[in-house]
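Please examine the sequence and the structure shown below. The briefing that follows sets out selected features of the model, grouped by topic.

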Amino acid sequence: MINYLALLIALVVSGVSAYYSILGLTAIFAAAYYPVVIMGVALELGKLVTTSWLYRNWRTCPFILKSYLTSAVFILMLISSMGVFGFLSKAHIEQNLSLTTGQADSLAIIDQKISSEKDRIKDLDVQIAQIDAALSKMTERGQAASSLQAADRQRKTRETFVTRKDQHAKNISQYSEERIKIQSNLKRIEAEVGPIKYIAALIYNDEKVDDTILEKAVRIVILMIVFVFDPLAVL
């Protein structure tokens, strides 16, 4: 029973390793996606069949053939490990890009838009204050027909400025809502990166984890996964 269970687990580990390895290889050779997938599947199957055949025919197999097949299996294990490494590295890079560029850039753009809207509101406030001052002077000078017409024009202009100010205030409100959503996504991504920061602090015994230490810790974790993934399945 234990032998069948070991076989099943080995096939599962090998299948998962092959899947991520092929995805990693397609990321490396993105221009030939389907050919790489076909090649990867064929090589993974060939590796397992060759390993099984070598085990069963180790004593009777000629030395040259045995040496070549053993080398081929070893090289195929390295290729699979390289594919897994590429896949995991790509996942980390994409996550890091979302943290450092995508969401952060969107947040900076939103902040710039909010700042621009606030500047426009300040300009409108200045113009409205000037109109109020002018209306006050017109009132002091008396109720001449010309003064009434000028005051009426100023009031209409003031209403236009107030309407524009309200629109800019609405824009700020909308941008603020977008900013909250982007900031929430940014915090979520930072939370996803959090565990590797604790691992980096544990490995390097340093509470202050900068980007260099973080990248080194990520590589160590990926290498550990690569070291036990495909070799375990083959062995």
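Thr50 lies in helix 2, where helices (DSSP runs of H or I with at least four residues) and strands (runs of E with at least two) are numbered from the N terminus. Thr50 and Val73 are 23 residues apart in sequence, and their C-alpha atoms are 7.1 Å apart in space. When neighbours within four places in sequence are left aside, Thr50 is in contact with Leu69 and Val73; contact means heavy atoms within 4.5 Å.

**Basis of the values**

- This is a predicted model, in which local features need pLDDT of at least 70 and side-chain atom pairs count only at pLDDT 80 or more, while totals for chains, interfaces and linings use all residues.
- Residues are numbered from 1 along each chain as its sequence is written, and side-chain values use heavy atoms, with hydrogens and water left out.

**The chain as a whole**

- The protein chain contains five helices and zero strands, and its pattern along the sequence is α-α-α-α-α.
- Of the 235 residues in the protein chain, 28% are buried; buried means under 20% relative accessible area, exposed means over 50%, and partly exposed lies in between (1.4 Å probe, protein chains only).
- Among contacts between residues at least 6 apart in sequence, 69% join residues at least 24 apart.

**Helix 1 and helix 2**

- Helix 1 (residues 2-28) and helix 2 (residues 33-56) pack at an angle of about 150°, and their axes are 9 Å apart.
- This angle makes helix 1 roughly antiparallel to helix 2; angles under 35 degrees count as roughly parallel, over 145 as roughly antiparallel, 65 to 115 as roughly perpendicular and the rest as oblique.
- Axes are lines fitted to C-alpha atoms, for helices over the stretch in contact, and angles run from 0 to 180 degrees between N-to-C directions.
- On the side of helix 1, the residues that meet helix 2 are Ser14, Ala18, Ser21, Ile22, Leu25 and Thr26.
- Their partners in helix 2 are Tyr33, Val36, Val37, Gly40, Val41, Glu44 and Leu48.
- The residues of this contact comprise eight nonpolar, four polar and one charged; Ala, Val, Leu, Ile, Met, Phe, Trp, Tyr, Cys and Pro count as nonpolar, Asp, Glu, Lys and Arg as charged, and the others, Gly among them, as polar.

**Aromatic residues**

- Tyr19, Tyr20 and Phe87 form one aromatic cluster; rings of Phe, Tyr and Trp (its six-membered ring) pair if their centres lie within 6.5 Å, and planes under 30 degrees apart count as stacked, over 60 as edge-to-face and the rest as tilted.
- By this rule there are three aromatic pairs.
- The ring centres of Tyr19 and Tyr20 are 5.3 Å apart and the planes stand at 65°, so this pair is edge-to-face.
- The ring centres of Tyr20 and Phe87 are 4.8 Å apart and the planes stand at 35°, so this pair is tilted.
- The latter pair links distant parts of the chain, with Tyr20 in helix 1 and Phe87 in helix 3 (residues 63-141), 67 residues apart.
- Tyr20 is partly exposed at 28% relative accessibility, and Phe87 is partly exposed with a relative accessible area of 24%.

**Lys181**

- Lys181 is found in helix 4 (residues 145-204) and counts as exposed at 60% relative accessibility.
- Lys181 and Leu107 are 74 residues apart along the chain, and their C-alpha atoms are separated by 9.6 Å.
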